[in-house]
Amino acid sequence: MTNKILILSGIAAALIYLGADILAGKLIQGYSFSAHSMSDLPAIGSPTRGLALILSLIAGLFMSAFVAGIWKTADGALFPRLVGWLLLGNVILGLVGQMFFPNRIGVQPAFGTPGVMLMFFSVLCFVLAMV
């Protein structure tokens, strides 16, 4: 039963991430998902920074529980354990990027800045976990 709860927490994490983006996007007047960066939601100066960070942290905790479920059910198999590490890397890098190296709202950061690099590697971990 514990394994099932841990694995289902991955679905909860995805729904929280999605809900956080939709809710925060609706709370910023004039925000458009097609015209604005997602990084504007937790950006410095954004009215939704606190909400976006809290919901990202909660989703990250659920994703970490999902990773624990993957490791617990992997039974020593290499690839599920690797997927777990990649997902955990996605969570950690993404949270560190949002919390400690945020963008400023409405400002497009340069590619080599720490926040952008952390988010780049966070997304890379997620994509590699899917492959």
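Colleague: Which pattern does the protein chain follow when read along the sequence?

Modeller: In this predicted model, the protein chain runs α-α-α-α along its sequence, with four helices and zero strands.

Colleague: What makes Leu 15 count as exposed?

Modeller: Leu 15, which is found in helix α1, has a relative accessible area of 56%, and because exposed means over 50%, Leu 15 is called exposed.

Colleague: Which residues of α1 are buried, then, and what do the buried residues pack against?

Modeller: Leu 6, Ser 9, Gly 10, Ala 13, Ala 20, Ala 24 and Gly 25 are the buried residues in α1, a word that here requires a relative accessible area under 20%, and the helix they pack against is α2, residues 49-74.

Colleague: How do you know that the span of helix α1 is close to what is expected?

Modeller: Helix α1 covers residues 2-27, 26 residues in total, and from its first C-alpha to its last it reaches 36 Å, which is close to the 38 Å expected at 1.5 Å a residue.

Colleague: Why does the radius of gyration of the protein chain agree with that of a compact globule?

Modeller: For 131 residues a compact globule would have a radius of gyration near 14 Å, and the protein chain has 16 Å, so the two values are taken to agree. Along the principal axes, the C-alpha atoms fill a box of roughly 50 × 30 × 25 Å, and 35% of the 131 residues count as buried.

Colleague: What share of the contacts with a separation of 6 or more comes from residues 24 or more positions apart?

Modeller: Such residues account for 60% of those contacts in the protein chain.

Technical notes:
Residues numbered from 1 in each chain as written. Predicted model: local features only at pLDDT ≥ 70, side-chain atom pairs only at ≥ 80, totals over all residues. Heavy atoms only, no water. Helix = DSSP H or I, 4+ residues; strand = E, 2+ residues; numbered from the N terminus. Expected span 1.5 Å × (residues − 1). Buried < 20%, exposed > 50% of the residue type's maximum accessible area, 1.4 Å probe, protein only. Contact = heavy atoms within 4.5 Å. Rg over C-alpha atoms; globule rule 2.2 N^0.38 Å.
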